[in-house]
Structure formats: structure tokens, C-alpha cells
Amino acid sequence: MGVPLGLAVTGAMVAVALSVGSSAQEARRHGPPTGRDILLAAATALGRHPDLTTGRYWRVVETGRYTLNAGNGGGEGPIEVRVRDGIWLAGTGGGRTVAYRRCLGARPLTAQERADQGGLPSRGWPAYSTSARICVAGSGPAERDAQLAAATDYRLADVAVSPIWLDNLSTDPAVLRRQIDAKLATAHQGGLAVYGHIVLPQLMTDLPIRPEIRAAVLRMMAGLPGVRAAGKVMDSLDRTGEGVVISGLGLDRTELRWIIDPGVARVLDVQEVVTGAGRRPAGAVVAEKVYTSVGWTNESPGPDTSAFQ
């Protein structure tokens, strides 16, 4: 799974950002909430609405839209594919991790989109776009996907992690950042692009971590440079949440927009959107992951695809 190396951020820079943000948190604010306000409100909400803390499987159901470059699927390309994934990540006593993928459709890019290929999503959607190549022929029924299961089975970026390591992550944002950096360094991974596309979504949704650690992830996000509010935003499932944009992630003419329900600290959608520096209109979504279900379950995925139709 290839992970791009973005613009590296030193521990000192992050520590400064977190320190400055911590002081600003105490100030009384007037007017619309900032991106930092939204993330900190979501972190606080995790204490009021704790997740179910255990189960046989950590289940994530998401719909993705990704762009594959020419040659990946054997056709003319590049193409856009839409997939629906269901991942049962095995917890204690849960057996083995199982993943399903349902192909929802594929289409070739328009001439205008091909002309602006330089502004397409970076290679930072790895586990999903790699396995999405089976969907180039169009829609189809759900199938078990061993490649997707392997790519998401307790992986942080492309680094294996254990449930014990996840459970011992710090609730202090600065310490948490250092722990993550040290883990990624073992596989020579790092940089803001890795954090934006991979690490933050994994820690917030894809991996089972305790609510207080997930709150620390939100506080760590609030301390990143380039965080701003985007107002009320509707995702592709017509759910409305607060938009938080994180720019400066080593992306070329795009940035990441998170759609969050801060009241229950739920991530609804993570989108890569155009900044307007190129020919495509500002705000155009070029890739996204929409989360429909995240949490512990005792429901087994079963021997067939009936649990994910």
C-alpha cells in the first residue's frame, strides 16, 4: 500500500500549535464557531456520549468514491469508482477480520476532468483505491474481499498495530502525536499527507480505541495548522453536519473537509475538495468516504454476504 510522503511537521511545531490553541480555548468567543471550536466540542461530547466499549467485532460500514489512474483497471481510464465497504474488525473472541465490498458503479472521467488530472486526489486513499480495481466493470453484488480485510486488519497507515498498543495511547494530544510519529517511523511513513488521508480517519473511525483517546485525537486535530470552519455542510447521504477543513496537508490544489456531528462526536464524511487554484471549481469533491455505521457489535459477519446486502 503506497503512502505518500507529505510535508513533515516536527514535534516542536505541533507542540507550539497545541499550546497556542489550549490558551485560546479559554477565551470567550462570539460569532460562528471556528474549526477548532467544532473539534473541541466533539471531543467534549465523547465524554457525554461514550461508545459501547467492547464487542466481538468493531464494525465499519462506509461508502467510498475514488479515482483510479489509467491502466489500474485494464480499461482506458482514468475512472471514478463508487464502492460500499463493510469491515468486521475482530475484537477479543471475535475470530478473524472479515471485509465485504459491493461495487456501486464506475464511470470514465470527463474530458475536463482528464485535462485537470493534476488536481485529482493524491495517492493517500490506498487500501480503498487498490481494492476498488475490481469495480471497474460497474455495479455488482457484495463479495468478501480478502485484500481489503488484510489492508484494514489493525493497520495504522501501512504499519501493523496491536489492540494493546491502541489501548495504551495517551489522552494527551502532544504525547499521542509523538506515539503515532514513532510508530509510523518504524516503516518510514510520516508527514501531514499521511495524517490527513489515513491516520486521522483510521483513529476516528476505522480502529477501536477508547472514547477518551478518540477525544485526544480530536484535540490533536484542533491543534493542526490550517484548521478552519466550513459552516453547515451536507454529505452525499443528505445528512447535515459541521464542516471542518484541514489544509496544508501536502496536497496539490486540494484540501480535506471533514463533516462532523459535534453533538455526538460522529464523523459523517471525509472529503477531498478542490481549492479553486486549478481549472476545477472550488469546493468540487474529487474523493470521499461516507460513514454510515461505526461501532462495536456482537453480530457475526456470517459465512456469506447476507450480512452486507
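Y291 lies in strand β11, which spans residues 285-297; strands (E, at least two residues) and helices (H or I, at least four residues) are DSSP runs numbered from the N terminus. The model is predicted: local features need pLDDT of at least 70, side-chain atom pairs count only at pLDDT 80 or more, and totals for chains, interfaces and linings use all residues. Residues are numbered from 1 along each chain as its sequence is written, and side-chain values use heavy atoms, with hydrogens and water left out.

Y291 counts as buried because its relative accessibility is 0%; buried means under 20% relative accessible area, exposed over 50%, and partly exposed in between (1.4 Å probe, protein chains only). Not counting residues up to four places away in sequence, Y291 touches V60, V61, E62, P201, T205, D206, R239, R266, V267, L268, D269 and V270, where contact means heavy atoms within 4.5 Å. The side chains of Y291 and T205 make a polar contact at 3.3 Å, that is, a pair of N or O atoms within 3.5 Å; within protein, one must be able to donate a hydrogen and the other to accept it, and residues adjacent in sequence count only if both atoms are side-chain atoms.

M221 is found in helix α9 and counts as buried because its relative accessibility is 0%. With neighbours within four places in sequence left aside, M221 is in contact with L39, L200, M204, V227, I246 and W258.

Two pairs that are separated in sequence are listed below.

| Pair | Sequence separation | C-alpha to C-alpha distance |
|---|---|---|
| Y291 and V61 | 230 residues | 6.1 Å |
| M221 and G35 | 186 residues | 9.6 Å |

Helix α9 (211-222) also supplies at least two residues of the lining of the second largest pocket, as does α6 (163-167). This pocket has a volume of about 340 Å³. Of its 20 lining residues, the closest to the centre are T53, T54, D167, P208 and W296. The lining divides into 11 nonpolar, 5 polar and 4 charged residues.

The protein chain as a whole contains 9 helices and 11 strands. Of its 309 residues, 51% count as buried. Among contacts with a separation of 6 or more, 66% are between residues 24 or more positions apart.

Note on methods: On a 1 Å grid over the protein atoms alone, a cavity is a set of points where a 1.4 Å probe fits but cannot get out, and a pocket is an open set with protein on both sides within 12 Å along at least five of seven lines; lining residues have an atom within 4 Å of a point. Grid points are joined across faces, edges and corners, and a volume is the space filled by probe spheres set on the points. Ala, Val, Leu, Ile, Met, Phe, Trp, Tyr, Cys and Pro count as nonpolar, Asp, Glu, Lys and Arg as charged, and the others, Gly among them, as polar.
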